[in-house]
Amino acid sequence: MVELQNVSVTYSSGVDALNNVSLKINDGDFAFVVGQSGAGKSTMIKLLLKEIDATSGVVTVNGYNLGKLKKRKIPEFRRTLGFVFQDFRLIPSMTVYENIAFVLRVIDAPLKYIRKRVPYVISLVGLHSKTNSYPDELSGGEKQRVAIARALVNDPQLIIADEPTGNIDPELSYEIVELLKGINDQGTTILMVTHEHDLVRHFGGRIINITGGEIVFDEVISGVDEVLPEEELAQAMAEASAVTNTGNIILPDQQIITPDGAYAAPANDRNGGAE
Ligand SMILES: Nc1ncnc2c1ncn2[C@@H]1O[C@H](COP(=O)(O)OP(=O)(O)O)[C@@H](O)[C@H]1O
Ligand SMILES: [Mg+2]
């Protein structure tokens, strides 16, 4: 579970990176965070990992109030999360197996458990045949699969992925999101930052758009199947009861059509009922 309550971040340089952001992501959710470069996406991720602290407001992740979390408790907190980075961050001198097992070794997991758990997560990401390969023997997509297996090995409640498809061929990006969706189906909450609109349009789901440090859009949209053809979009526009300042068309029955033509359901209860 992730909750931001009126959170602002001002860097020491004076830049206001997040401005009074409130957001709730429930256990089991999958959410995309989108927005242009410089919008504040990575700042939000850094807050959730407690790499930085909020200037004001309350950040709660997996039941930990991060503003009040003692330094010595940070490792315990971080074990409830898995992270996936754009640049993979694998250790080049270690094999796939060792890169993943390393996470369990540092928390003194029993060897017997490591020997069972590591091959299991490797098979989950479809890399059984690469168990003993080194990172430089893998493609970008394969490296990111290893990173996902590593994020999963500790059975975290929440996986946070900051641009996980940023260094991967576009065709393979879909596979990475499919993999994360499959993990989400097993109950893990997933928050994925991306600026790839095609991916978001294809998969749909909850889309949180950050622009200029503020959430300007937080709604559930359907996947690409329901993108309207031009003429239907024009028709919807003619029937619209309102068009919001973010370009959403609100139909009389409260259906929402996003600017790129995808149908959206109204965002009920997105902030636990408090908007
Ligand atoms: N460590 C930092 N010190 C000062 N300003 C920063 C720092 N990190 C990011 N910023 C600024 O904060 C704003 C948001 O950045 P960031 O969260 O990295 O955006 P995004 O991930 O959406 O591209 C930008 O104006 C960026 O220049
Ligand atoms: Mg970023």
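**Figure 1. Surroundings of leucine 191 in the predicted model.** Leaving aside residues up to four places away in sequence, leucine 191 touches Val2, Ile25, Ala31, Val33, Leu158 and Ile160. The model shown here and in the other views is predicted. Leu191 is among the residues with the most contacts inside the largest nonpolar core, together with Val33, Ile100, Ile122 and Ala149. That core has 65 residues, and helix 5 (residues 140-152) gives the most to it, with six residues.

Figure 2. Strand 7 (residues 158-162) has five of its five residues buried, so it is largely enclosed by the rest of the structure. In a regular strand, side chains alternate between the two faces of the sheet. Here Leu158, Ile160 and Asp162 point one way, Ile159 and Ala161 point the other way, and all are buried. Strand 7 pairs in the parallel sense with strand 6 (residues 81-85) over five bridges. Its pairing with strand 8 (residues 189-193) is also in the parallel sense, over five bridges. Alanine 161 stands opposite valine 84, and methionine 192 of strand 8 is likewise opposite alanine 161.

Figure 3. Strand 1 (residues 2-10) runs antiparallel to strand 2, and six bridges join the two. Valine 7 has valine 21 in strand 2 as its bridge partner.

**Figure 4. The shell around ligand 1.** Residues around ligand 1 include Tyr11, Ser13, Val15 and Ala17. Also in this set are Gly35, Ser37, Gly38, Ala39, Gly40, Lys41, Ser42 and Thr43. By class, the shell divides into four nonpolar, seven polar and one charged. Helix 1 (residues 41-48) gives the most to the shell, with three residues.

**Figure 5. Glycine 38 in its loop.** Glycine 38, one of the residues around ligand 1, is in the loop between strand 3 (30-34) and helix 1. Glycine 38 has 13 other C-beta atoms within 10 Å and is therefore partly exposed. Isoleucine 210 is 172 residues away along the chain, yet its C-alpha atom is separated from that of glycine 38 by 9.7 Å.

**Figure 6. Two residues with positive phi.** Asparagine 6 and lysine 50 are shown, each a residue other than glycine with a positive phi value. For asparagine 6, phi is near 50 degrees; for lysine 50, phi is near 55 degrees. Asparagine 6 is in strand 1, whereas lysine 50 is in the loop between helix 1 and strand 4. Asparagine 6 counts as exposed because it has 12 C-beta neighbours inside 10 Å. Lysine 50 has 19 C-beta neighbours inside 10 Å, so it counts as partly exposed.

**Figure 7. The protein as a whole, for orientation.** The secondary structure comes to eight helices and 14 strands. Of the 275 residues in the protein, 35% are buried. Among contacts with a separation of 6 or more, 65% are between residues 24 or more positions apart.

Technical notes. Residues are numbered from 1 along each chain as its sequence is written. Chains are lettered from A and ligands numbered from 1 in the order in which they are written. This is a predicted model: local features need pLDDT of at least 70, side-chain atom pairs count only at pLDDT 80 or more; totals for chains, interfaces and linings use all residues. A residue is near a molecule or strand if its C-beta atom, placed from the backbone, lies within 6 Å of it. Helices (H or I, at least four residues) and strands (E, at least two) are DSSP runs, numbered from the N terminus. Ala, Val, Leu, Ile, Met, Phe, Trp, Tyr, Cys and Pro count as nonpolar, Asp, Glu, Lys and Arg as charged, and the others, Gly among them, as polar. A nonpolar core is a set of buried Ala, Val, Leu, Ile, Met, Phe, Trp, Tyr and Cys residues joined through C-beta atoms within 7 Å. A residue is buried if 20 or more other C-beta atoms lie within 10 Å of its own, exposed if 12 or fewer, and partly exposed in between; C-beta atoms are placed from the backbone. Two residues are in contact if their C-beta atoms, placed from the backbone, lie within 7 Å. Two strands pair if DSSP finds at least two bridges between them.
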